[in-house]
Amino acid sequence: MNIKAEGLNKNYYKKDSSGVNVLKNINLDITAGQKVALTGPSGAGKSTLIHILGLMDRPSSGKVYIDGIDCFAKNDKYLRNTRKESVGFVFQFHYLMPDFTVFENILIPVWKDKDLKLEQARELLKKAGLFHRKDHYPSELSGGEQQRAAVVRALINKPGVIFADEPTGNLDRRTGLEIESLLFAFAADIGATLVLVTHDESLAEKTDKIIRIADGRVLQA
Ligand SMILES: Nc1ncnc2c1ncn2[C@@H]1O[C@H](COP(=O)(O)OP(=O)(O)O)[C@@H](O)[C@H]1O
Ligand SMILES: [Mg+2]
């Protein structure tokens, strides 16, 4: 999917009506299938930005076009459906549900149609090297395995875009590299756009494009 942002601003207001200006006139253009790294210091606005690009949050002003459609001009139902059908998210923490097995967890996003997705779920688990763990609970997995399960869950709908917010932040270097390769491989498999928030310059170098953010603005390359 193509993702374009035009003049995005995000302000948070406190009770005394003083404001924090977290995103300042962000413009960016990501083309379908691109692998993009989003880098910048902590507090720069990276998470806020991808939440808005992934339609999980609204900007205070500005537009997000996904495949040319001005998404925030649409109603909440449209946003919810687009998010569900076309967007995959991976966070620093896995957010797996503790009382569900790995197999159940990865089917949660498609629960209503899960019977149609069983084969695909097995296939993805095999590719992620997790098939033998499918009936285990999240607490029985290593950190790397939990994150692999979270990656598979994000992929179950074959999203047009995957956002990963410091997905290796809690992992050791070697395990982190495995998760990164998995994300790159899965994104390539389904032709998804990948937007990866990372502090790791060597990882950022492996992408097609690096977008650097500081203090709520995109730095010019
Ligand atoms: N709900 C909120 N209310 C007020 N300020 C917020 C809120 N969420 C984030 N911020 C502020 O926005 C800035 C950017 O945060 P964030 O997008 O999480 O940065 P990053 O992901 O780059 O570390 C930070 O200064 C943070 O304190
Ligand atoms: Mg963040």
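Author: Let's start with a term: a polar contact is a pair of N or O atoms within 3.5 Å. Keep in mind that this is a predicted model.

Reader: Okay, so how far does a backbone N or O atom of G45 lie from an oxygen atom of ligand 1?

Author: That distance is 3.0 Å, so the pair falls inside the 3.5 Å cut-off. G43 also uses its backbone: one of its polar atoms there is 2.7 Å from an oxygen atom of ligand 1. With S47 the side chain takes part, an N or O atom of it being 2.9 Å from a ligand oxygen. The protein covers 57% of the 570 Å² of accessible area that ligand 1 has on its own.

Reader: Which residues are around ligand 1?

Author: You'll find Y12 and V22, then P41, S42, G43, A44, G45, K46, S47 and T48.

Reader: How do I read the radius of gyration of the chain?

Author: Compare it with what a compact globule would have. For 221 residues that is near 17 Å, and the chain has 17 Å, so the two agree. Along the principal axes, the C-alpha atoms fill a box of roughly 50 × 40 × 35 Å.

Reader: What percentage of the residues is buried?

Author: Buried residues make up 49% of the 221.

Note on methods: Residues are numbered from 1 along each chain as its sequence is written. Chains are lettered from A and ligands numbered from 1 in the order in which they are written. This is a predicted model: local features need pLDDT of at least 70, side-chain atom pairs count only at pLDDT 80 or more; totals for chains, interfaces and linings use all residues. Side-chain values use heavy atoms; hydrogens and water are left out. A residue is near a molecule or strand if one of its heavy atoms lies within 4 Å of it. A polar contact is a pair of N or O atoms within 3.5 Å; within protein, one must be able to donate a hydrogen and the other to accept it, and residues adjacent in sequence count only if both atoms are side-chain atoms. Accessible areas come from the Shrake-Rupley method with a 1.4 Å probe; for residues, only the protein chains shown count as cover. The radius of gyration is taken over C-alpha atoms; the globule rule is 2.2 Å times the number of residues to the power 0.38. Buried means under 20% relative accessible area, exposed over 50%, partly exposed in between (1.4 Å probe, protein chains only).
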